[in-house]
Amino acid sequence: MMKPENIAHALRLVFWETTTACNLECIHCRRLDVSQSLSKDDLTTDESLQLIDSIREIGTPILVLSGGEPLVRPDIFDIAKYATNKGLITALATNGTLINDEIALKIKESGIHRVSISIDGADSNIHDNFRGIKGSFAQAINGLNILKSRGIGVQINSTIAKHNAFAIEKIYELAIALGADALHFFMLVPVGCGVNIVQSHQLEAKKYEELLGWIFEKSLENKIQIKATCAPHYFRIMKQKQKQLPPLKKETQDRPKHAMSAITKGCLAGTAVCFISHKGDVFPCGYLPVSAGNIRNEALEDIWNNSSVFIRLRNSKNLTGKCLQCEYHNVCMGCRARAYYQSGDYMAEEPFCIYQPGV
């Protein structure tokens, strides 16, 4: 079990790339080597169950089964059921296109707590172009509706960049109209295929600031659970804006959050979150390609507690540039993945934050 001195860095969320296989061709995918077929390097069923055992030895983090497209794996429901029986809150991250009544029933029977579906526009034109397959928007909406009819919790994930930033209000309205339980806006991170679209799709820092402020204002409406992901300076913006709220609004903001939304600071890479690749490599997050070890070679608990990568990330004094000087760095930390892309140093300053400390 977890050593007492590491309680401050309890593992709260594990993203596991169950396979690289996927039926879509998304232009922003974190991977370059996606294919329609399962990879021979994917963890086997036995290795997958052993991984769940090793996660459980550390604690009871939320386990997100992702991909690729996890529904391509024929054993995904056996894996999910094993995880839920072990006491882990288990979620499924899917593009939604493969969901039908039969799949929805299997999802429910496996004990999956919530399903996140990627929807990157309020219409088929935006979504289908981004996801690479015509008809994928209609299929995703259909999958979401089937899940809702089965009483399964549904979250919409939407990657925001130049292709859809102008339609963010419509995406918000669509999520509410569809009855989604939550809406998570992911800010594009330049990794994998995403590197190829930086020039054409990456938002300017000033636009990021504007959109993150908008997300905070929408969160006050309490129409849906809403949060910004891969945008740690949202927490700096939130702190700044909360100071200006009247007492009633502050009380609403302080209400307990749902387990799937209860993230209390910005970048949690390596401090409360880790990502496990389809072949067992352990990373601080899915967008920071710096390996901390491999579960096929060493115990996950040892990697989590002792990796030099994780240890470095856990000390905010290792930050450099304006992030180190910022009074909000302990609630933000800046995006370590964007820093790595920009400079090659994952402790460098966040390149897409316009805030100037002390000004």
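Residues are numbered from 1 along each chain as its sequence is written, and side-chain values use heavy atoms, with hydrogens and water left out. Because the model is predicted, local features need pLDDT of at least 70 and side-chain atom pairs count only at pLDDT 80 or more, while totals for chains, interfaces and linings use all residues.

**Ring pairs**

Seven aromatic pairs are found in a search of the whole structure. Rings of Phe, Tyr and Trp (its six-membered ring) pair if their centres lie within 6.5 Å; planes under 30 degrees apart count as stacked, over 60 as edge-to-face and the rest as tilted. Two of the pairs are tabulated below.

| Pair | Centre to centre | Angle between planes | Class |
|---|---|---|---|
| Phe275 and Phe283 | 6.4 Å | 45° | tilted |
| Tyr328 and Tyr355 | 5.8 Å | 75° | edge-to-face |

Tyr328 lies in the loop between α13 (321-325) and α14 (329-332), and Tyr355 in the segment after α15 (336-343), so their pair ties together parts 27 residues apart in sequence. Helices here are DSSP runs (H or I, at least four residues), numbered from the N terminus. Elsewhere, ring pairs link Tyr172, Phe185 and Trp214 into a cluster.

**Charges over rings**

A charge sits over a ring if NZ of Lys or CZ of Arg is within 6 Å of the ring centre and within 35 degrees of the ring normal. Arg312 lies over the face of Tyr346, 4.8 Å from the ring centre. The ring of Trp304 has the charged end of Arg314 over it, 4.4 Å from its centre.

How values were computed: Helix = DSSP H or I, 4+ residues; strand = E, 2+ residues; numbered from the N terminus.
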